[in-house]
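Subject: Structure for your review

Dear colleague,

Please find below the structure that I am handing over to you. My notes on it come after the structure itself.

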Amino acid sequence: MSWRRGGGGDGGVSRRWAFLLCVGSFCLGLLFTNRMWTLPEASEIARPNANVEESNMPVAAECGSKKIQEKQDYRDILQVQDAHHDVQSLDKTIASLETELSAARSLQESLLNGSPVAEDFKVSESIGRRKYLMVIGINTAFSSRKRRDSIRYTWMPQGEKRKKLEEEKGIIIRFVIGHSAISGGIVDRAIEAEDRKHGDFMRIDHVEGYLALSGKTKTYFATAVSLWDADFYVKVDDDVHVNIATLGQILSRLALKPRVYIGCMKSGPVLSEKGVRYYEPEHWKFGESGNKYFRHATGQLYAISKDLATYISINKHILHKYINEDVSLGSWFIGLDVEHIDDKRLCCGTPPDCEWKAQAGNICAASFDWRCSGICNSEGRIWEVHNKCAEGEKALWNATF
């Protein structure tokens, strides 16, 4: 076979065509190779630790969620602490508002029931409440007109002297009485007439009755603390002789002490036999027969500081009333941080006892007969006690509290 230039026969291929065929094959080869061996993207490159990291991802996510939860729990604790602090502050505010509200309610009750409002309280609405040393509330009854008159003419200043006592010495004295079961009856009108004459009554929202003395005592303290801002609130019976200056000196020395309960402390037997004087219907609460009461001040005269009077005012609706008012008062302070002060100058006997003590320079603040729970036949005998045991009028006006 032979090859010929410039042409070809039936059995040969020219060199030109052979060259073009080779070039075309080469180009097709390059194109094919480029399409088949394209480099993978970076994201498709296999990483040796990929499987390990992927296996650790749930653990890392779990740790992260725990840290987030711990932070959330810590924030919750801080929020609870802040809320607790806010609650404590709110409790103090509420307690303060309750005191003011209780005082306002007591005043409103007095007004609604026709009780006179002290002039000092009316003035206090515009210039602030004045501070007093003590408020002396004399417990009295509708039938005790002669007792009240005997006190007015002995140890209780009258008229301008009583006003001077309030202004110069900071001592308020009032007869304390409620109203009859039928309000506006004869006895109520008699008290109103007597008050117009003397102006020395404190009317309270209470139905009078001997067996209701505990309730009367509670209402007295609640009303008094709403009318007058005093260091002490005193309760005394209308058959007891009082030396005001001596009582004021005793109390003024205790003015800086909190929660003071002062009187002649006693602990008498709990009487369970019906019909006897001072019978205790709830005797079973005090244990076995023959037990004694807890120590408390005798009921003829005692005094409490303002914070205790305020406590009674706030809690008056839930304080239990025993039949004997001195027992009731003592029971209200059980469980409280109260200082009980036993001062025998608040329970001297009538002459010769208080007379001998006065001569020895140990003047009594209060005198009465134990056997009568007050001065026996006080309408007449209180004059004798006053003449022999009184501290003297100059002692009151020269006293500094």
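The notes below take up salt bridges, a helix pair, the backbone and the surface.

This is a predicted model, in which local features need pLDDT of at least 70 and side-chain atom pairs count only at pLDDT 80 or more, while totals for chains, interfaces and linings use all residues. Residues are numbered from 1 along each chain as its sequence is written, and side-chain values use heavy atoms, with hydrogens and water left out.

Salt bridges

The structure holds 28 salt bridges, a salt bridge being a side-chain nitrogen of Lys or Arg within 4 Å of a carboxyl oxygen of Asp or Glu. One of them joins the side chains of arginine 145 and aspartate 149, at 3.2 Å from N to O. Both residues lie in helix α4, four residues apart, which is about one turn of the helix. Helices (H or I, at least four residues) and strands (E, at least two) are DSSP runs, numbered from the N terminus. Aspartate 149 is buried, with a relative accessible area of 18%, whereas arginine 145 is partly exposed at 33%. Here buried means under 20% relative accessible area, exposed means over 50%, and partly exposed lies in between (1.4 Å probe, protein chains only). Arg145 and Asp149 also belong to a network of salt bridges that links them with Arg148, Arg152, Glu194 and Asp200.

A further salt bridge brings together the side chains of glutamate 339 and lysine 257 (3.3 Å, N to O). Glutamate 339 lies in strand β8 and lysine 257 in the loop between α8 and β6, so this pair ties together parts that are 82 residues apart in sequence. Glutamate 339 is partly exposed at 32% relative accessible area, and lysine 257 is partly exposed at 38%.

The side chains of arginine 345 and aspartate 343 meet in a salt bridge as well, at 2.9 Å from N to O. Aspartate 343 is buried, with a relative accessible area of 11%, while arginine 345 is partly exposed at 27%.

A helix pair

The axes of helix α4 (residues 145-152) and helix α12 (residues 378-389) come within 9 Å and cross at roughly 15°. That makes α4 roughly parallel to α12, a label given to angles under 35 degrees. The axes are lines fitted to C-alpha atoms, for helices over the stretch in contact, and angles run from 0 to 180 degrees between N-to-C directions.

The backbone

Most residues other than glycine have a negative phi, and most peptide bonds are trans. Arginine 259, in the loop between α8 (244-252) and β6 (260-266), has a positive phi near 50°. Tyrosine 278, in the loop between β6 and β7 (296-305), likewise has a positive phi, near 65°. A cis peptide bond joins proline 351 and proline 352, with omega about 15°. Proline 352 is placed in the loop between β8 (339-342) and α11 (353-359).

The surface

Trp17, Phe19, Leu20 and Val23 form a nonpolar patch on the surface, with about 450 Å² of accessible area together. Such a patch is made of residues with over 30% relative accessible area and no salt bridge, with nonpolar side chains (Val, Leu, Ile, Met, Phe, Trp, Tyr) joined within 5 Å and like charges within 9 Å. Accessible areas come from the Shrake-Rupley method with a 1.4 Å probe, and for residues only the protein chains shown count as cover. Phenylalanine 19 is in helix α1 (residues 15-36) and counts as exposed at 57% relative accessibility.

With kind regards

Methods
Angles under 35 degrees count as roughly parallel, over 145 as roughly antiparallel, 65 to 115 as roughly perpendicular and the rest as oblique.
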